[in-house]
Amino acid sequence: MAAATEPTTLVLAGTGKTGRRIVSGLAARDVPVRVGSRRADPPFDWEDETTWEPALRGVDAVYVAYHPDAAFPGAARGVGSFASLAVDCGVRHLVLLADRGSAEAERCERAVRDSGAAWTIVRVGFITQNFSEAFLVNLVRAGVVALPAGDIAEPFTDAEDIADVAVAALTENGHAGRIHEVTGPRLLTFADAVGELSKATRREIRYLPVTPEQFISSLTERGVSAGYATQLAALMVEVFDGRRGHVTGTVERVLGRQPRDFAEYARETATTGVWDARAESSRGA
């Protein structure tokens, strides 16, 4: 275990899609890591500010991933309060996970930039692993992925790429004051993406465009809270209007390699059996 005085990196949402990969990436570089989650020791909970300062003790840098999402109402207020406290606690560098094209996420970015710490923004769009590690996994298993996304094209972004960019920002020079807009290598519609899932699993899975109201109902019927489903639907209506319909060269510029293609993700993930229709439970978001 690292000495108490040794600078540590706190990874918020440290058991989530990007966070757990960042924890692994930092550990591989022998960087002392503290997982920020409700079950960690000390625990961290965005909804309980009394947990923030204990989690920040001895921390030099933080990966800031707001739960449930930086685009949800109230995120900027929480991120701003946390960033201010982090600076007071001696944190020198904040790396924020933000949504491309979201007004609330832009307010989160502003709060981090104004905090007084060195900052890096990692902007992402729709994370590919939502199909296997979050709210869409049960829809894929059922064979119908119903979303209020129409035929909009999205540069699906792999969590592995996001994590690798964030790890670089947290451990290498030259990232302070930079906005890293991370995308996949090509644009796909959701029909295209679901088609790749169908091909990889060798069974019929189809995409069904629905209204926001229908989407909310489909999630709540599967046990998702109405509040979360409503906010998620509102976010999709906001950003799935073409504003994110372009790819960037960020992964190649920062990491010196091409971003992971959705088809590769689909093939590799299908071998795990997570999309098997008889699977009993999904992995955590």
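I count a residue as buried when its relative accessible area is under 20%. The model I am looking at is a predicted one.

**Entry 1: strand 3**

I looked up the burial of strand 3 first. Five of its six residues are buried, so the strand is largely enclosed by the rest of the structure. I then went through its partners. Strand 3 runs parallel to strand 1, and four bridges join the two. In that pairing V62 of strand 3 stands opposite L10. Strand 3 is also joined to strand 4, again in parallel and by four bridges. There I noted A61 opposite H93 of strand 4.

**Entry 2: strand 1**

Five of its five residues are buried, and I have it down as mostly covered. I checked which way the residues point. T8, L10 and L12 face one way, T9 and V11 face the other way, and all are buried. T9 stands opposite V33 of strand 2.

At the strand 8 end, I found five bridges to strand 5 (residues 118-124), in the parallel sense. One entry from that pairing: R178 in strand 8 is the bridge partner of T120.

**Entry 3: helices on the sheet**

I listed the buried residues of helix 1: G19, R21, I22, V23 and L26.

**Entry 4: T18**

I stopped at T18, in the loop between strand 1 and helix 1. Which residues does T18 touch, not counting those up to four places away in sequence? I found Y63, L97, I127, A159, I162 and A163. T18 has a relative accessibility of 6%, so I count it as buried.

**Entry 5: the record**

I checked the UniProt record. An unreviewed entry lists residues 14-172 under "domain: NAD(P)-binding". I computed the content of that stretch: 40% helix and 19% strand, with the end C-alpha atoms 20 Å apart.

**Entry 6: nonpolar cores**

I looked up the cores. The largest nonpolar core has 38 residues, and F131, F135 and L147 have the most contacts inside it. Helix 6 (137-142), strand 6 (144-147), helix 8 (190-201), helix 9 (212-220), helix 10 (226-239) and helix 12 (262-270) each supply at least two of its residues. Helix 10 gives the most, with six residues.

I followed one of these residues, L147. Leaving aside neighbours within four places in sequence, L147 is in contact with F135, L136, F190, Y207, L208, P209, V210, F215 and M236. Apart from this core I found another, of 28 residues, including L56, V59, F82 and C108.

**Entry 7: the chain as a whole**

I left the overall figures for last. The chain has 12 helices and 10 strands. Its C-alpha trace spans about 55 × 40 × 35 Å along the principal axes. I compared the radius of gyration with the globule rule: a compact globule of 285 residues would have a value near 19 Å, and the chain, with 19 Å, agrees. Buried residues make up 51% of the 285. Among contacts with a separation of 6 or more, I find that 77% join residues 24 or more positions apart.

Technical notes:
Residues are numbered from 1 along each chain as its sequence is written. This is a predicted model: local features need pLDDT of at least 70, side-chain atom pairs count only at pLDDT 80 or more; totals for chains, interfaces and linings use all residues. Side-chain values use heavy atoms; hydrogens and water are left out. Two strands pair if DSSP finds at least two bridges between them. UniProt positions are given in the numbering used here, feature names are shortened, and annotations may be inferred rather than shown by experiment. Buried means under 20% relative accessible area, exposed over 50%, partly exposed in between (1.4 Å probe, protein chains only). Contact means heavy atoms within 4.5 Å. A nonpolar core is a set of buried Ala, Val, Leu, Ile, Met, Phe, Trp, Tyr and Cys residues joined through side-chain atoms within 4.5 Å. The radius of gyration is taken over C-alpha atoms; the globule rule is 2.2 Å times the number of residues to the power 0.38.
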